Amino acid sequence: MKISLNWVKQYVDLDGLTMKDVVDALTMSGLEVGDVVDQTARYDKFVVADVVEKGKHPNADRLALCKVNDGAETLDVVCGAPNVEAGQKVAFAQVGSKLPRGGHKITKAKIRGVVSNGMICAEDELDIGDDHSGIIVLDPKLKTGTPLADALGLNDVLLEIETTPNRSDALSHYGVARDLSALFDRKLTKPTIALTEGKTPAKKFAEIAVLDPEHCPRYTATVVRGVEIKDSPDWLKNRLISIGARPINNVVDVTNFVLHEIGQPLHAFDLDRLAGKKIVVRKRKPEEKTFVTLDSQERKLDDEALMICDAERPVAVAGVMGGENSEVTPETTNVLIESAFFNPRSVRPTARKMALSTDSSYRFERGTDPDGTRWAAERAAQLIVETGGGEVAKGAIDVYPKKMKPKRVKFRSAQIKRILGYEIPKKDVVRIFRKLGFEIDDARGNDWTVLVPPFRHDIDREIDLIEEAARIYGYDLITPVERVAVPMISTVDQTAFADEIRAALSGIGFREILCNPLVSEREAELSGKSIPLQNPGTVDMSRLRTSLFAGMLSTIKRNVNVNERSLRLFEIGATFNARKDEIKSFDDFFEERRLAIAMTGDASKKTWRTEKRAYDVFDLKGALGAFSAALRLDNSLRDCYYDSGGRLFDHYFETKRGKTVVGYGGRVKREVAESFDVDQEVFFFELLIDELFAARKTDTRYAAPPRYPKVFKDAAFLLDASVKFEDVRNFIEKESSDLLKAVTLFDLFEGESIGAGKKSAALSFEFYDEGGTLTDDEVEKEFFSIIENVKTRFNAALRGGS
Amino acid sequence: MIDKIEAAKREFDHDADAVGDERALESFRVKFLSRNGIISKLFDEMKAAPNEEKPALGKALNQFRKGAEEKFTALEEKLQSDGEEDAVDLSLPGEPAFVGGKHILTQTIDSIKDIFKRMGFSVYEGPELESDYHNFEALNFPPDHPARDEQDTYFVNDKFLLRTHTSPVQIRLMQSTKPPVRAIMPGKVYRNEAINARSMNHFYQVEGLHVDTDVTFADLKSALMRFAAEFYGENSRYRFRASFFPFTEPSAEMDISCFLCGGEGCRVCKHTGWLEILGCGMVDPNVLKAVGYDPDVYSGYAFGMGVDRTALMRYAVPDIRVLYENDIRFLRQF
């Protein structure tokens with residue numbers, strides 16, 4: 001909301017305060033000032049000047065060389081405008097000034113060989129209009145040398161105030177003035193109404209019927225007859241221009257002026273275009289499907305819309321926008337001014353469903369002053385007569401069946417200390433309340449009843465009054481307390497486990513990524529039953545992710561595109577899967593925290609001493625193993641291998657805990673990777689955080705490191721190619737004694753030299769006895785028993801051993 | 001004389017063992033094998049020996065000299081070959097190892113968590129797909145109130161939505177715990193906003209809550225100023241200005257003096273000299289009532305800050321979208 005400080009000064013005296021005082025006080029007390037435009041500063045070095053003489057430019061026919069007196073000296077100035085003449089008073093930009101529009105700096109410059117000491121300005125260059133056909137010719141009565149800002153009334157300061165949704169009372173110049181009067185303890189002055197009314201009562205000219213008093217608690221109208229519709233006088237135009245509103249004609253401008261003055265939205269009807277000279281306030285009728293608003297748009301009406309109608313048809317959408325069928329035109333002579341209080345709960349849904357936010361609806365849906373409608377209607381009538389002649393009919397038509405009373409709020413002054421931890425002196429509280437328009441029934445005791453006027457829709461409770469006292473008094477005056485001790489309560493960190501996971505993965509060389517949980521339908525449906533959004537921003541982000549897969553693949557794509565092809569990445573994030581088509585309760589979907597890890601590109605780069613090698617699924621398995629060890633997971637997790645990995649994977653495996661799948665993944669199928677524009681192999685695995693949490697080792701205790709030497713033995717077996725390593729290892733582990741501590745595979749090959757359908761697997765065995773040093777005999781006995789068992793069980797041949 | 005030769009031999013063997021480099025080898029040569037060396041001197045001395053002893057001495061000396069010369073050559077070769085075997089160009093590049101790390105936003109959340117944990121705050125999480133009740137109603141947002149417009153919401157339907165702040169975690173926590181409650185809630189939140197350099201449709205927040213029998217606005221100020229001093233440095237200035245949130249009353253926004261201009265006014269702070277860092281206030285009595293706390297017995301403060309904006313300020317990142325592009329070249333910087 002734009003606020004003109006000159007305008008505010010009409011209602012509150014700000015003498016002796018700097019612009020900074022005012023801006024800081026407003027900002028600190030809740031009316032945050034975003035942007036400040038100080039016009040005086042913008043028009044620095046612009047003055048009223050005299051064109052003393054107009055001569056020809058020696059080198060250019062279209063340019064004139066003028067002698068210009070700027071009040072201090074007479075200067076040579078080159079001017080290209082066709083309308084420049086000697087004897088004119090002009091807007092002159094002195095050397096060193098900066099054009100308000102465009103920011104061009106005026107310097108002493110040679111123009112076609114002649115030095116020009118400044119510039120005579122056109123309207124657009126001064127940012128007061130769009131005309132560039134010639135220079136502005138000023139009032140000849142202006143004194144030469146006067147600062148232009150003063151001469152043109154461009155000495156205003158404009159504030160952009162960001163009003164919070166609770167402060168509907170501050171959506172006007174008078175409202176801002178009210179806060180300033182409390183902040184600086186200044187007098188607040190409301191303009192007085194001095195109407196010269198005609199003899200005939202307004203009721204003779206129009207009739208008003210409110211059929212829906214719940215949504216329209218008050219409807220006030222004044223009638224002005226015999227008005228001339230014309231341009232507004234300069235003062236009125238300038239007020240509106242200063243806050244960025246476009247002047248239209250005197251009647252419309254007056255209604256806009258009053259809205260920005262006091263915050264009451266008004267609407268002017270052409271009384272002669274109202275059928276039956278009647279206003280009926282009622283709900284939309286079923287057959288009234290659309291309505292043409294005064295911006296000539298045919299708009300669909302909300303079922304619940306409250307309509308302003310004449311005897312036959314709707315003429316306005318209540319509180320939102322008037323209709324084209326009854327708006328004021330240049331031919332209008334009789335005007336009915338509507339000044340109503342609409343229920344915020346009626347206007348808001350209507351404006352929202354029509355996707356139409358106007359100055360009126362914005363204020364009505366936040367709450368206007370039900371007690372201010374009459375003042376505003378009369379103020380408008382008076383200004384219309386002042387600007388366009390005519391006569392105000394006697395009295396207003398005021399339908400206000402149930403008068404709203406001030407709210408009575410109990411206030412215990414001791415509560416200020418209890419909530420703020422700071423005492424605000426009682427006299428200050430009393431002063432603040434009174435300046436804000438509240439009445440205190442008896443301020444002598446400690447428990448008061450405060451009467452809050454109905455325009456403060458945000459104040460109903462004691463706590464609201466405490467806030468008013470605090471924000472005007474100043475939060476910065478509240479001294480922070482330094483507490484030595486904090487109460488002893490147990491502390492919990494629900495994020496600790498995720499942090500451990502991040503630390504474990506960072507430690508083995510994975511980078512954390514964070515992706516957008518909103519994905520396209522295609523991405524969401526890749527790996528679950530997805531939940532669509534009712535109001536997505538774009539189709540790319542219309543569903544919640546069902547897994548972290550799509551985000552990971554998209555990230556890989558983005559990096560591969562910039563030729564970062566070797567990646568080890570992880571993400572921890574929420575995933576969302578529907579259990580039912582319609583989400584009615586928390587049971588109809590599940591939100592799960594998951595961990596995704598991915599590897600792609602080179603496991604090792606070609607270096608001067610290492611050969612290049614691409615990642616394969618065994619790197620993924622290895623990384624998962626290292627991760628489990630780093631996270632100290634217990635040994636309840638088992639890997640299960642599958643021939644097929646569904647739509648997304650081949651080389652697929654799962655990690656299970658009992659029957660629960662804790663994680664899954666493998667090599668991403670080529671066509672799936674390609675659908676993400678990734679042209680290289682990707683290894684992906686996704687795990688459920690809650691299941692990992694359940695599998696973490698909770699009883700870690702000291703175990704003595706081995707005291708006696710370990711003994712290693714190797715053996716290579718010739719096996720059928722179909723024999724699975726896991727089966728061999730499980731068999732050996734099952735069949736051998738406690739002395740065997742580990743079996744690892746250190747070589748594997750197939751080839752013609754060992755015969756088709758065969759493979760050679762070289763195993764290393766680790767033996768250890770907790771009880772003492774193993775003898776050669778003990779080891780040999782165990783070792784050969786293993787070899788014989790394997791030979792028998794798997795029909796294997798021993799190729800060698802040591 | 002023969003004893004002297006034997007002693008010289010022992011000394012020779014001893015010294016030979018100690019030769020470790022070229023310089024030692026040269027002094028070794030000078031000491032034993034040069035013209036004025038021990039062996040030459042022994043030959044000179046032999047001239048003065050009785051004639052009958054000369055053949056035996058000569059034989060012994062010649063053997064000594066031969067052996068010494070062989071030993072010297074061997075030592076020389078060994079030193080040379082040692083040099084060859086161990087010769088490494090250490091300026092060659094090292095073997096690459098994997099480096100991992102946390103996302104810049106996680107790191108920022110970690111710093112915030114660390115500070116509040118030291119001040120005795122717990123850390124809680126909650127669902128991102130929330131009910132309207134937890135996200136709005138229990139937080140004193142009346143249905144169809146303009147305050148809801150401030151938080152452009154992604155809806156799943158009329159009842160479920162993507163949380164617009166982590167405040168629903170406060171509600172869940174208070175509903176399940178008796179006071180005192182002192183906790184922060186980090187997490188992802190969503191707003192249905194256009195994506196550009198300054199705004200994202202999802203981002204991270206850390207909110208906090210402290211409710212007890214005598215918690216005041218003065219406590220709020222001291223806790224948040226302590227946090228800010230640790231997070232942003234001791235030299236910044238702060239101010240609390242009045243604001244509005246449905247779930248707090250009184251409400252405030254906390255500003256820090258602009259890092260860039262120190263409060264003089266610049267483009268970053270829009271010439272105000274201040275940057276907004278968080279919103280806060282005293283928990284609204286309606287919220288306390290909604291979770292079953294008696295507002296005449298308990299009071300407390302709540303606050304919330306945007307992690308992304310904080311990270312952008314902290315690391316001078318000009319565009320919020322960069323945080324979620326996961327460009328490895330960006331992630332490696334932090």
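**Exercise 1.** What percentage of the 802 residues of chain A count as buried?

*Solution.* The model is a predicted one, in which local features need pLDDT of at least 70, side-chain atom pairs count only at pLDDT 80 or more, and totals for chains, interfaces and linings use all residues. Residues are numbered from 1 along each chain as its sequence is written, chains are lettered from A and ligands numbered from 1 in the order in which they are written, and side-chain values use heavy atoms, with hydrogens and water left out. Taking buried as under 20% relative accessible area (1.4 Å probe, protein chains only), the share in chain A is 52%.

**Exercise 2.** Describe how helices α20(A) and α21(A) cross.

*Solution.* Begin with the position of the helices, which are DSSP runs of H or I with at least four residues, numbered from the N terminus: α20 covers residues 725-735 of chain A and α21 residues 776-794 of chain A, and their axes come within 10 Å and cross at roughly 130°. These axes are lines fitted to C-alpha atoms over the stretch in contact, with angles from 0 to 180 degrees between N-to-C directions.

**Exercise 3.** Name the residues through which α20(A) meets α21(A).

*Solution.* With contact meaning heavy atoms within 4.5 Å, Asp727(A), Val728(A), Phe731(A), Ile732(A) and Glu735(A) of α20(A) meet Ile786(A), Asn789(A), Val790(A), Arg793(A) and Phe794(A) of α21(A).

**Exercise 4.** State the extent of chain A along its principal axes.

*Solution.* The C-alpha trace of chain A spans about 125 × 80 × 65 Å.

Technical notes. Helices (H or I, at least four residues) and strands (E, at least two) are DSSP runs, numbered from the N terminus. Buried means under 20% relative accessible area, exposed over 50%, partly exposed in between (1.4 Å probe, protein chains only).
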